[in-house]
Amino acid sequence: MSARFLATSAIAISSVSIAAIMFIASNRSEMTVPAPTVFQVPKLPAEPQITSAPLLNVPSTELAPSPVSFRPVQPEPIQAEEPLPPVEPPSRTWTRELAVGDTLDSMLSDAGIDATDRAEIALALGAEYDLRRLRPGHSITVVATAADQLRSVELAVEDGVRIEVTLSETLSTRVVSPEPDTVILARKTEIETSISNALSSAKIPVRFAVDLAQMLSGTVDFRRDLTGGETLRLLWREKSIDGERVGQSELIFAALEVDDRVYEIAWPDDDNGRATIYVDGELLRVFAQPVEGARLSSVFGRRKHPVYGNVRMHTGVDFAAARGTPVHATAPGRVSYVGWRGGYGRVVEIAHGSDTVTRYTHLSATADGLAKGQRVEASEMVGRVGSSGTATGPNLHYEVLVDGRPTDPLSDNRLAAAANNEVESEAARKRLRNARAQLEKQLGNPVAKKSESSS
């Protein structure tokens, strides 16, 4: 039974297969087969011909590869042409001018500085500047970091001078003084009532009236001899910073015509401190000023005492000048005293012959090695301006004593006679000629003429 079933199944399968093959063959003849697509393949470059000849005429042993070690290349550091500036931490600046009633301590306190630092800063500033001279218009500048760490304090005073205190690991102080410009000026004016009024109307520094009185004292009586119509010509120098005048103006030459006589004064242009006085071209005397370029702040005679307030006899003349300014002997002589004398403070006294003594007081220091019995010449430095003793500020109190009694230093001729002996006449006359020529040149300057006419 099963054998018959298997035989029948095989015959059925064969019949189906033959029928399928015949159907496919009959349909293939009727189908259109598309032509195959031809792709163009680019030609490859010809392979290089390798020859058997060696490239280099070297033994094959030397062509053997050697072991290669690979190391990472370290980049070279880039060198900057200039070192980079240090980065400053952010800071804040506090600035204020002194007003009436302000003190240095109150200003520093307002800037947020504690008491200990205020004391150190005051000591540092006081070592370079007399803090008693502080006045409205001076200013304080404080620089601190954003974290309120104090960096510097600056005190700006007169004439553009600044005292800087720097606070870092150590405290340091320096004084910055700007370099001023110097200008030479000349004026010609006529005296109607007084020299002071004539100077003021001609826009000439009025303080020159005191200098002229000092030089011509004992020769010209300004109250009696000046009746009006006298001619005065002046030549002087001024210093300025950014167009603002600083310091005191200094006379170079003056010519005063009184009663057909001509009085001429030529101030020195060097450090010898001597002014020469002429009458009608003839040398009258030499005045060796004790402090060069100083301002005569008080004359001989009765006055109200600046400290005690009562009226007292002022036995000398005062020259106002900055602390440390050199003080010179006004005539040759011999040192008779060096030391301290009560209200005079530090003092130097010089004997000129047997009857005349000059006294230099309120000194901050005496010249190195100066001692009693030492010989000094006219204009030789004997000390420096200070405020020792009873004084309201730096100045030189200068006295002339004759037989132990004070006399007016601006009218006594004994010292002038002593100084005259040391003047070379030809050098003095050359200075006079130069001063005259410079005055005429300046008065001929259009600017000087314009100033003169406008006054």
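Arginine 233 and glutamate 440 pair up in a salt bridge, with their closest N and O atoms 2.9 Å apart (salt bridge here means a side-chain nitrogen of Lys or Arg within 4 Å of a carboxyl oxygen of Asp or Glu). This one links distant parts of the chain: arginine 233 sits in strand β7 (residues 230-241) and glutamate 440 in helix α7 (residues 425-443), 207 residues apart. Helices (H or I, at least four residues) and strands (E, at least two) are DSSP runs, numbered from the N terminus.

A quick word on the model: it is predicted, so local features need pLDDT of at least 70 and side-chain atom pairs count only at pLDDT 80 or more, while totals for chains, interfaces and linings use all residues. Residues are numbered from 1 along each chain as its sequence is written, and side-chain values use heavy atoms, with hydrogens and water left out.

There are 19 salt bridges in the structure. Three of them look like this:

| Pair | N to O distance |
|---|---|
| Arginine 233, glutamate 440 | 2.9 Å |
| Arginine 118, aspartate 105 | 3.0 Å |
| Arginine 133, glutamate 158 | 2.8 Å |

How exposed are the partners? Buried means under 20% relative accessible area, exposed over 50%, and partly exposed in between (1.4 Å probe, protein chains only). Arginine 233 is buried at 18%, whereas glutamate 440 is partly exposed at 44%.

Salt bridges that share partners also join Glu154, Arg162, Glu164 and Arg174 into one network.

Now for arginine 118, which forms its salt bridge with aspartate 105. Arginine 118 is in helix α3 (residues 115-128) and aspartate 105 in helix α2, so the pair ties together parts 13 residues apart in sequence. Arginine 118 is buried at 15%; aspartate 105 is partly exposed at 43%. Helix α2 (residues 104-110) also holds serine 106, whose C-alpha is 9.4 Å from that of arginine 118.

Glutamate 158 bridges to arginine 133. Glutamate 158 lies in the loop between β3 and β4 and arginine 133 in the loop between α3 and β2 (139-145), so here the parts tied together are 25 residues apart in sequence. Glutamate 158 is buried at 16%, and arginine 133 is partly exposed at 32%. Leaving aside residues up to four places away in sequence, glutamate 158 touches Tyr129, Arg133, Arg135 and His138 (contact means heavy atoms within 4.5 Å).

Glutamate 179 is another story: it is exposed at 73%, in the loop between β5 (171-176) and β6 (181-191).
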